[in-house]
Structures are given as C-alpha cells and as structure tokens.
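These are my notebook entries on a single protein chain. I set down what I looked up, one site at a time.

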Amino acid sequence: MKEVMLYTDGSSRGNPGPGGYGALLVYKGKEREISGGYKKTTNNRMELMAVISGIEALSEPCRIRVYSDSKYVIEAMDKGWIHGWRAKGWSRGKNPLKNVDLWKRLYKAVTGHEIAWNWVKGHAGHSENERCDTLAVNAGMADDLPVDEGWVAQSS
C-alpha cells in the first residue's frame, strides 16, 4: 500500500467570508498541490475541504499521514467523533451538527485508506503548513469564486 503525506490548511476572511483551502500531497518525493475557494464560507468548512480534496485526489487505497492545524478536523477523526455523529443520524444529539455535508463527504473519502491524523501548530514555521496556508489564502482571493452551496443550505 502506498504511503502518502497530506498537508492541509483552510482560511477565510471573515467567518463567514470569502475563503479557500490548500492541500499538498507528497509521495516518494513527488508533490501535488490542490486548492480552491468560495465567495462566502467559514474557516472550518475550508479546513474540511482541504482534507477532503487531498484524500479524494488519491486513485487507490493508501496509508496517509494527514497533517492539519485544525483541531476541529483532527480531533473529530482521531477521537472517533465522526462515528458517533454518523450513528446518531449525523447529529450531536440535541445540538445540530454543522457542516454535515462535508462530514459525510469526508467519511466516504476515508473509506479504504489507513489514516494517521496529526495536529500541527499553525503559523509556527511548519513549512508544509505555511505552504498550504498560502495556497488557501490565494485561492480565497480569486475574483471568480463559486458559491459554497453547503454553507448557504446550512445558513438558511
């Protein structure tokens, strides 16, 4: 099974506001950058999109080491919260689960992979995290950003 490193970051200017995500896949010294953005979204949605886009870019099951500065994403996956949300019909009990569309998408994306979830401190000189931050910020500043339909749906 291939071993891949996945570095990710998301950003938004305002929360909600325009935002972007960046991912860096590294396999045997080869690198692939992925980024995108939306007109109005949130930081947490962009953190999720960064991880999702990186995993969905893989064409076969892999061992993946994910590195993110998002405790929201890392803890949900590493501590298994996502399994509890799924078991409760994608809810947190009395409180609604935000970003359900993306959590469902991430749940599907991770199937078949062996993943180690690693938190890194953001804006602390971690070169790959800084690179993903730059990808995310630049993607969120594009002129022709699409609407984040998932954010619009949950905001209504």
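**Entry 1. Serine 68**

I began with serine 68, which is buried because its relative accessible area is 0%, under the 20% limit. The model is a predicted one, and I read every value below as computed from it. Serine 68 belongs to strand 4. I looked up its bridge partner and found that serine 68 pairs with threonine 8. Its side chain comes to 3.0 Å from the backbone nitrogen of serine 70. Leaving out residues up to four places away in sequence, I listed Thr8, Glu47, Ile74, Asn118, Trp119 and Val120 as touching serine 68.

**Entry 2. Strand 4 and its partners**

I then followed strand 4 as a whole. How many of its seven residues are buried? Five are, and strand 4 is thus recorded as mostly covered. Strand 4 (residues 62-68) runs parallel to strand 1 (residues 2-12), and seven bridges join the two. One position I checked was cysteine 62 in strand 4, which stands opposite lysine 2. Strand 4 also pairs with strand 5, again in the parallel sense, over six bridges. Here I noted isoleucine 64, whose bridge partner in strand 5 is isoleucine 115.

**Entry 3. Aspartate 69**

I moved on to aspartate 69, which sits in the loop between strand 4 and helix 2 (71-78). Is aspartate 69 buried or exposed? Its relative accessibility is 16%, so aspartate 69 counts as buried, the limit being under 20%. Not counting residues up to four places away in sequence, aspartate 69 touches Thr8, Asp9, Glu47, Trp119, Val120, Lys121, Gly122 and Asn129.

**Entry 4. Isoleucine 34**

In strand 3 I examined isoleucine 34. Isoleucine 34 is buried because its relative accessible area of 14% falls under 20%. Apart from neighbours within four places in sequence, isoleucine 34 is in contact with Tyr21, Gly22, Ala23, Leu25, Ser53, Gly54, Ala57 and Leu135. I also looked up alanine 136, which is 102 residues from isoleucine 34 along the chain; the two C-alpha atoms are 9.2 Å apart.

**Entry 5. Backbone in the loops**

I then went through backbone geometry. Which two residues does a cis peptide bond join? They are asparagine 15 and proline 16, with omega about 25°. Proline 16 lies in the loop between strand 1 and strand 2.

Lysine 28, in the loop between strand 2 and strand 3, has phi near 50°, a positive value in a residue other than glycine. With 71% relative accessibility, lysine 28 is above the 50% limit and therefore counts as exposed.

Tryptophan 90 also is not a glycine, and its phi is positive at about 60°. I placed tryptophan 90 in the loop between helix 3 and helix 4 (100-110). At 15% relative accessibility, tryptophan 90 is under 20% and so counts as buried.

**Entry 6. The largest pocket**

Last, I looked up the largest pocket, which holds about 280 Å³ of space. Its lining consists of 16 residues, and those nearest its centre are Asn44, Tyr72, Lys98, Asn99 and Gln154. Which elements give two or more residues to this lining? They are helix 1, helix 3 (81-87) and helix 6 (149-155).

How values were computed:
Residues are numbered from 1 along each chain as its sequence is written. This is a predicted model: local features need pLDDT of at least 70, side-chain atom pairs count only at pLDDT 80 or more; totals for chains, interfaces and linings use all residues. Side-chain values use heavy atoms; hydrogens and water are left out. Two strands pair if DSSP finds at least two bridges between them. Helices (H or I, at least four residues) and strands (E, at least two) are DSSP runs, numbered from the N terminus. Buried means under 20% relative accessible area, exposed over 50%, partly exposed in between (1.4 Å probe, protein chains only). Contact means heavy atoms within 4.5 Å. On a 1 Å grid over the protein atoms alone, a cavity is a set of points where a 1.4 Å probe fits but cannot get out, and a pocket is an open set with protein on both sides within 12 Å along at least five of seven lines; lining residues have an atom within 4 Å of a point. Grid points are joined across faces, edges and corners, and a volume is the space filled by probe spheres set on the points. A polar contact is a pair of N or O atoms within 3.5 Å; within protein, one must be able to donate a hydrogen and the other to accept it, and residues adjacent in sequence count only if both atoms are side-chain atoms.
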